[in-house]
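Here's a quick briefing to read with the structure open in your viewer. Take the topics one by one and look up each spot as you go.

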4 protein chains.
Amino acid sequence: MRVAVVGASGYVGGELLRLLLQHPGVELTAATSKGHAGEYLFRVHPNLRGVSEMKFASYNLAKLTNIADIVFTALPHGESVKLIPSLTKAGLRIVDMSADFRLRDASNYKMWYGYDHPATDVLEKFVYAVPELNRDRIRLARFAASPGCMAITSILALAPLLEDRSFGVDSDHIVVDAKVGSSGSGGKASLSTHFSERYNVVRPYKPAGHRHSAEIEQVLAEVSGAPVKVSMSAHAVNMVRGILSTCHVFMDKVPEAVDLWKAYRRAYRGSYFVRLVRDKDGPFRLPDPKTVIGSNFCDIGFELEERTHRVVALGATDNLIKGAAGNAIQTMNLMCGLDEKEGLAYAPLHPV
Amino acid sequence: MRVAVVGASGYVGGELLRLLLQHPGVELTAATSKGHAGEYLFRVHPNLRGVSEMKFASYNLAKLTNIADIVFTALPHGESVKLIPSLTKAGLRIVDMSADFRLRDASNYKMWYGYDHPATDVLEKFVYAVPELNRDRIRLARFAASPGCMAITSILALAPLLEDRSFGVDSDHIVVDAKVGSSGSGGKASLSTHFSERYNVVRPYKPAGHRHSAEIEQVLAEVSGAPVKVSMSAHAVNMVRGILSTCHVFMDKVPEAVDLWKAYRRAYRGSYFVRLVRDKDGPFRLPDPKTVIGSNFCDIGFELEERTHRVVALGATDNLIKGAAGNAIQTMNLMCGLDEKEGLAYAPLHPV
Amino acid sequence: MRVAVVGASGYVGGELLRLLLQHPGVELTAATSKGHAGEYLFRVHPNLRGVSEMKFASYNLAKLTNIADIVFTALPHGESVKLIPSLTKAGLRIVDMSADFRLRDASNYKMWYGYDHPATDVLEKFVYAVPELNRDRIRLARFAASPGCMAITSILALAPLLEDRSFGVDSDHIVVDAKVGSSGSGGKASLSTHFSERYNVVRPYKPAGHRHSAEIEQVLAEVSGAPVKVSMSAHAVNMVRGILSTCHVFMDKVPEAVDLWKAYRRAYRGSYFVRLVRDKDGPFRLPDPKTVIGSNFCDIGFELEERTHRVVALGATDNLIKGAAGNAIQTMNLMCGLDEKEGLAYAPLHPV
Amino acid sequence: MRVAVVGASGYVGGELLRLLLQHPGVELTAATSKGHAGEYLFRVHPNLRGVSEMKFASYNLAKLTNIADIVFTALPHGESVKLIPSLTKAGLRIVDMSADFRLRDASNYKMWYGYDHPATDVLEKFVYAVPELNRDRIRLARFAASPGCMAITSILALAPLLEDRSFGVDSDHIVVDAKVGSSGSGGKASLSTHFSERYNVVRPYKPAGHRHSAEIEQVLAEVSGAPVKVSMSAHAVNMVRGILSTCHVFMDKVPEAVDLWKAYRRAYRGSYFVRLVRDKDGPFRLPDPKTVIGSNFCDIGFELEERTHRVVALGATDNLIKGAAGNAIQTMNLMCGLDEKEGLAYAPLHPV
């Protein structure tokens, strides 16, 4: 399969390149970048030195249609939406990494992203891709939007609780408290990402109004069949990769642990990339981003607190892999009839 | 004033020593340790090399009463309670760092700490010391319990919201999501604190049932005049010092920012060690432990989310200072008629 | 090929398991551990959860000879030497990770490791495996000793300078100043690896007398044809994986950069896992362990200082991969007639 | 004493402000900044929130002479030299933090800094201030240049070895291998200081030609009475504060440890801020920047290697304190007749 990455100079683009170059079913035919056209990939992504001699290309639609069957678009929000309609018309399959095609209700773009969606007809054709939840729809899709990194991590932790109505989740008081590494905010230098200012922080950079709330609410409403409100806060912590999403969920009556366990098992049976983690001892008895780094795994676990009628559901991912490039390639695999795991079944690095 | 530290070999003990050695109104007369008696302080606390030639002493009550006016007890929970009754009888003033004298309702010790409190008559004489909330009672006290590090950080962030009944806080759904550095779990080596296993983690080490919940609930019930339930989760993050407590508080109607601001100002007017942080821009526009390290400050801020009826109240401290040794010395200052700030008014280090 | 790992519970053992489980030409048939026999691999190596359902086995020579063609021994120094003679007699191929079979001159064991080598006849049969330097000998070997992590990193940086006699290296004043992550000192918890004590250090843990000096001198003497003295100092720095070896080499007259460049190119032509790094700009214009993490690459570069007659040769590796497990598997590939790169050609992760 | 800081918005400026605001003998009368005039200090230095309500001022020579007795200039190299001649004429005492007045031989500026020194008459009046080495000259000086952070750390480690001619140091092969935290490179954001690119590095950013070589050679030549060549390499490591300077020194015959120990003791008797560190055990048996953070201490230690005729001398400082602001204030204290320790005798923070 011939694959191109449009907007390949950022961290998500770089991670797509790394994984695609190693994917046995993929031929990487182009990596475009406005600012770096003509440069070797490894000048921007130093890990690719010795791995590929490819150079960044300029974006050229005609050329792209000749050399690619499927395109990953890793552009900023607002940029993707300008480019993608022409790509769809050209007959290319697309996995978009931006938020521009994630929200089903076009009117939500005004509220969350500040613009009127200019291509609602195209928007309708996109599937929001969480393979563990909607594998079958993805298999039939030509266009997919890969979720936000904190969104997918939280969704996978929460969905089984909302799906089973018998748990009686209080859908007005779902708190998602996310902790994210620096790569989640991209590769652009600024004072707030300056090492001396960023090291050792626990920075509440978006305690309210985080855009990923919209995606999480959208999916949870679907799986539960009723509106859901998500109270999300995002924190930057002292690491490069990884997300832990701590989801505080209230219920009238906290279920038995065994019943929760069953619900999670049922939900993720057959989903290789979700690992359920709930051990009696050891340093990693619950999900922790440390043990997924370098892999496409999403670790899920939970803890109960009867006293406060609370389930704490936990999700951990490598934000650049299951939170971005890995999930997108998993989506591509499904769209193209490959095994979901192909080119993705790497064990995490430990320790790292 | 002649001061002794009992149990001075741990991190809290070491921080007490560091601050007391520099305190202009204090003469440090003894530092006891079971395991290190006879050794130089600086063999255990390498920062004190060149600062003090004192050695650890064995614990000896008779001697202590001769050389000290006030004693800090920095012993493990369950140990303090065995020692303190004899200290009180000997006429010494005490600031206890353990949890053994923090909970007013003795029956709570069974539930939270697994033992029947053996000295309820002594327990009654202790004041739970949050100088910013009960300065006057501390001034009159002979015995004080210094709060848990996450407790005081969360209490200072939450109290003004609960104190003002007009905010209509939903006291059943208060979520406290705390992120803590490694020094909070002490100086004892284990697999889970082994550097290779601990670096880069976001470890949900106590997602439910954290003991500091009890202290927070106790104080919030007092300030609000009604029972309060706190849903607390604690996470270990990749740093040594610092706590960020993210407190998710639901209300029927989210107030105007200006009214919240007024409530916080009113609550902490005259409290040097609480800084209100809510800027329009910059990397540190909200509380972040990074900017309090090395100081006794507790930074407090908040963000509003109307859509979810939520106030996110944020507290940040250096867990070993305002979260432990600093608050205890501030308490001592008040108990002994000194200026609250004496020996404590250090600016944080930045960057660090 | 059927492969077993003896002593698989440490970090090197874990990394061997991770790589071997993903190696297309390998069937992992056993992983032994004294302390963890009967436990799932993933209880000790949390990254392997979901990757393998294998359990640790007890060591059993008879069984091993039935199920394995080649064995990796990842035991402590002094333990390996007790076990290996019986393995060699049983006809198994061996790649040993310890130091017990690295030094050609048996008398050196007394000096560097404090014991008289008990199996000098076996020692003779081992090849010290640096594939980039002695690929052909490895192909013919049945028994190989994989170098120390700092040794191989320094050797690859230095060898081309010593090999070419025309450079006139001053072999009495070669300084190797190494900086290593925590995983290099293994998985056993102690006060000095306790996170709070280990974070942020630049700890000169072995400024003189480091045992890897012996290996480096051995190889450099071979390539240069004359005795070489190496003045080595090792430092623990604030990261988990990675080594930078800074090699200060004095010469009568510093050569032109282009001539050095040629020497390095010549030495490593055809060696996929050595990347020469010497760019004009960018954050990674010289070797840095950050850009090799997760890979078997050794990055090599240099800088010249005419004024002091000095070449600074730099080597960077992931200490657990090219510094240990990766190099060992590369060695196995050669010993078994596979492509050197098989199961090893992963791109590094970036950023991480 | 009335003190002003010119160029107070950088990290060295910020550290000067922090220390001067807490200095009992100092009244801080102005802090100037081109880019931030009119802003509160704490907008730039978030640690100073609540500590000072001062604002940055514009630079104004006339005003400065009215309100200050002594001025710290914390400007970039090349800027200081333009400003300082007018300050000296105005009768102000000066401690300069830049390199512009450090090198005694004006012709060296061309070689190391690329400019012809425009004020050699002023240069002559400056003393290069290492209080531990030239306390008496500083006491008489009106103008002082505070050394570079790596320079002073290395000088203090090396001077006693060079001072005592009987050690027979090989002055052609002195290797200084320095490891520095990020704050050493200042507060300006760039790709190479972007957190995701800077975290976890061991970056050889200046393996040859480091400018601090010139300062070290200048001082060592003075103390030894003969020319000295320093082969310096500087590395950026994964922390914000701290320097470890590893100095590899060759000698014909390595002395007894006890004789070295005596030399160091003799050199630094009476120097409160130098601590000699050489313990038998413990995690901090040799100098490590971790145990000096937050203090003006320079820890010094050494190790011997007879086999290679080498002494490894080690120096550790907090680069912003003893490596910059602290040493400058110590210098000011001496110039102004105060106790050298005044406002500086803080114990380091540990752990941090």
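Start in a loop: Asn200(C) sits between helix 9 (195–198) and strand 8 (203–206) of chain C. Its phi is near 75°, a positive value in a residue that isn't glycine. Keep in mind that this is a predicted model.

**Backbone spots worth a look**

- Is Asn200(C) buried or exposed? Asn200(C) is buried, because 27 other C-beta atoms lie within 10 Å, and the cut-off for buried is 20 or more.
- Another non-glycine residue with positive phi is His309(C), at about 55°. Look for His309(C) in the loop that links strand 12 (298–305) to strand 13 (310–317) of chain C.
- His309(C) counts as partly exposed, since it has 19 other C-beta atoms within 10 Å, and buried would take 20 or more.
- In chain A, the peptide bond from His350(A) to Pro351(A) is cis, with omega near -10°. Pro351(A) belongs to the segment after helix 12 (321–335) of chain A.
- Chain B has a cis bond from His350(B) to Pro351(B), with omega near -10°. Here Pro351(B) falls in the segment after helix 12 (321–335) of chain B.

**Around strand 4 of chain A**

- Strand 4 (residues 93–96) of chain A is covered on both faces. Arg93(A) and Val95(A) point to one side, Ile94(A) and Asp96(A) to the other, and all of them are buried.
- Which way do strand 3 (residues 70–73) and strand 4 of chain A run relative to each other, parallel or antiparallel? They run parallel, joined by four bridges. Thr73(A) has Asp96(A) in strand 4 of chain A as its bridge partner.
- To get from strand 3 to strand 4 of chain A, the chain passes through helix 4 (residues 80–89) of chain A, making a right-handed β-α-β crossover.
- Strand 4 of chain A also pairs with strand 6 (residues 143–145) of chain A, again running parallel, through three bridges.

**The seven-stranded sheet of chain D**

- Chain D has an open sheet of seven strands with mixed pairing, in the order 8-9-7-10-13-12-11.
- Which strands sit at the edges? They are strand 8 (202–206) and strand 11 (274–276) of chain D, each of which pairs on one side only.
- On average, neighbouring strands of this sheet are turned by 25° against each other, ignoring direction.
- Strand 10 (residues 243–250) and strand 13 (residues 310–317) of chain D run antiparallel and share eight bridges. Within this part of the sheet, Phe250(D) stands opposite Arg310(D) of strand 13 of chain D.
- Helix 10 (residues 212–224) of chain D packs on the sheet, where it touches strand 7 (174–180) and strand 9 (230–237) of chain D. The direction of helix 10 makes about 135° with that of strand 9 of chain D.

**Where chains A and B meet**

- The contact takes 42 residues from chain A and 42 residues from chain B.
- On the chain A side, at least two residues each come from strand 7 (174–180), helix 9 (195–198), strand 8 (203–206), strand 9 (230–236), strand 10 (243–250), strand 12 (298–305) and strand 13 (310–317) of chain A.
- Strand 10 of chain A gives the largest share of that side, with four residues.
- How do the residues on the chain A side divide by type? There are 19 nonpolar, 13 polar and ten charged.

**How the copies are related**

- Chain B goes onto chain D with an RMSD of 0.0 Å, by a turn of 180° and a shift of 0.0 Å along the axis. Those two copies are therefore related as by a two-fold rotation axis.
- The same surface serves both of them, as 100% of the contact residues of chain B recur in chain D.

Technical notes:
Residues are numbered from 1 along each chain as its sequence is written. Chains are lettered from A and ligands numbered from 1 in the order in which they are written. This is a predicted model: local features need pLDDT of at least 70, side-chain atom pairs count only at pLDDT 80 or more; totals for chains, interfaces and linings use all residues. Two residues are in contact if their C-beta atoms, placed from the backbone, lie within 7 Å. Ala, Val, Leu, Ile, Met, Phe, Trp, Tyr, Cys and Pro count as nonpolar, Asp, Glu, Lys and Arg as charged, and the others, Gly among them, as polar. Copies are superposed by least squares on the C-alpha atoms of residues with pLDDT of at least 70 in both. Two strands pair if DSSP finds at least two bridges between them. Axes are lines fitted to C-alpha atoms, for helices over the stretch in contact, and angles run from 0 to 180 degrees between N-to-C directions. A residue is buried if 20 or more other C-beta atoms lie within 10 Å of its own, exposed if 12 or fewer, and partly exposed in between; C-beta atoms are placed from the backbone. A crossover is right-handed if, with the strands pointing away from the viewer, the path from the first strand over the helix to the second runs clockwise.
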